Amino acid sequence: GDMETLTRSENVIYNNYIHDWARVVTTYQTGIQVEGVGSLVSHNEICNSAHQAVTWHGPYHIMEYNEVYNVLKETADCGAFYTGRNLWSYGCEVRYNYIHDIGREGTFACGIYWDDGLSGQTAYGNILVGIPKFSVLIGGGRENKFFGNLIIKSGRTALALNDRFKVA
């Protein structure tokens, strides 16, 4: 895709089994990383890793119908679905994913983590099960929408929201 014109790439990552990565370097080695504009990540099974399953940067990406489990086993301050620290990723959707059995007790691992002021994200229809810290963490930002999701057996907090990067 083209960031200048916001032309969508229409790239598709579909129906893959992605497993057992990040064995030597355990942080910031993601199963799927999407950049640019307008990609689709759909119907993938992503499992067995020390760190994150799906990360994205840029607008209009869709992550749907993926099953993610047994990730974030050795790291902290991370999410199975993670992005943050930019204001140009508007219009992305995380929908109809099954995120379960991630992280481990005592670590800061989230199912969906929108970090450091990320804005304009939408999540709906997701099922999050067995996440020991925060099932969802929205770290500030604006115009984020989280609705119609099912959270079961959440650890400390099912949905955490704070006001990082608050504009006066």
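Predicted model: local features only at pLDDT ≥ 70, side-chain atom pairs only at ≥ 80, totals over all residues.

What does tyrosine 96 count as, going by its relative accessibility? Please then take me through what surrounds that answer.

Modeller: Tyrosine 96 counts as partly exposed, at 37% relative accessibility. Residues are numbered from 1 along each chain as its sequence is written, and side-chain values use heavy atoms, leaving out hydrogens and water.

Now the rings. The structure holds six aromatic pairs. Tyrosine 96 and tyrosine 124 make one of them, and the pair is edge-to-face: 5.4 Å centre to centre, with 90° between the planes. This pair ties together parts 28 residues apart in sequence, because tyrosine 96 lies in the loop between β10 and β11 (98-100), while tyrosine 124 is in strand β13 (residues 121-124). As for the terms, rings of Phe, Tyr and Trp (its six-membered ring) pair if their centres lie within 6.5 Å; planes under 30 degrees apart are stacked, over 60 edge-to-face, and the rest tilted. Strands are DSSP runs of E, at least two residues long, numbered from the N terminus; helices are runs of H or I of at least four.

The two partners differ in cover. Tyrosine 96 is partly exposed, whereas tyrosine 124 is buried, with a relative accessible area of 17%. Another pair is that of phenylalanine 108 and phenylalanine 134, also edge-to-face: 5.6 Å centre to centre, 75° between the planes. Phenylalanine 108 lies in the loop between β11 and β12 and phenylalanine 134 in strand β15, so parts 26 residues apart in sequence are tied together. Phenylalanine 108 counts as partly exposed at 26%; phenylalanine 134 is buried at 9%.

Glutamate 93 is partly exposed, with a relative accessible area of 21%. Together, Glu64, Glu93 and Arg95 are linked in a network of salt bridges. The rule is a side-chain nitrogen of Lys or Arg within 4 Å of a carboxyl oxygen of Asp or Glu. The structure holds four salt bridges.

The largest nonpolar core has 30 residues, and Trp56, Phe81 and Ile112 touch the most other members. Strands β3 (32-34), β6 (54-56), β9 (78-84), β10 (92-95), β12 (109-115), β14 (127-131) and β15 (134-139) each supply at least two residues of this core. Another core, of six residues, lies apart from it; among its members are Cys110, Phe134, Leu137 and Ala160. That brings back Phe134, the buried ring of the pair above. A nonpolar core is a set of buried Ala, Val, Leu, Ile, Met, Phe, Trp, Tyr and Cys residues joined through side-chain atoms within 4.5 Å. Tryptophan 56 touches Cys92 and Val94, among others, not counting residues up to four places away in sequence. Contact here means heavy atoms within 4.5 Å.

Tyr98, Ile127, Leu150 and Ile152 make a nonpolar surface patch of about 320 Å². Patch residues have over 30% relative accessible area and no salt bridge; like charges are joined within 9 Å and nonpolar side chains (Val, Leu, Ile, Met, Phe, Trp, Tyr) within 5 Å. Areas come from the Shrake-Rupley method with a 1.4 Å probe, and for residues only the protein chains shown count as cover. Isoleucine 152 lies in strand β17 (residues 150-154) and is partly exposed, at 35%.

Terms used
Buried < 20%, exposed > 50% of the residue type's maximum accessible area, 1.4 Å probe, protein only.
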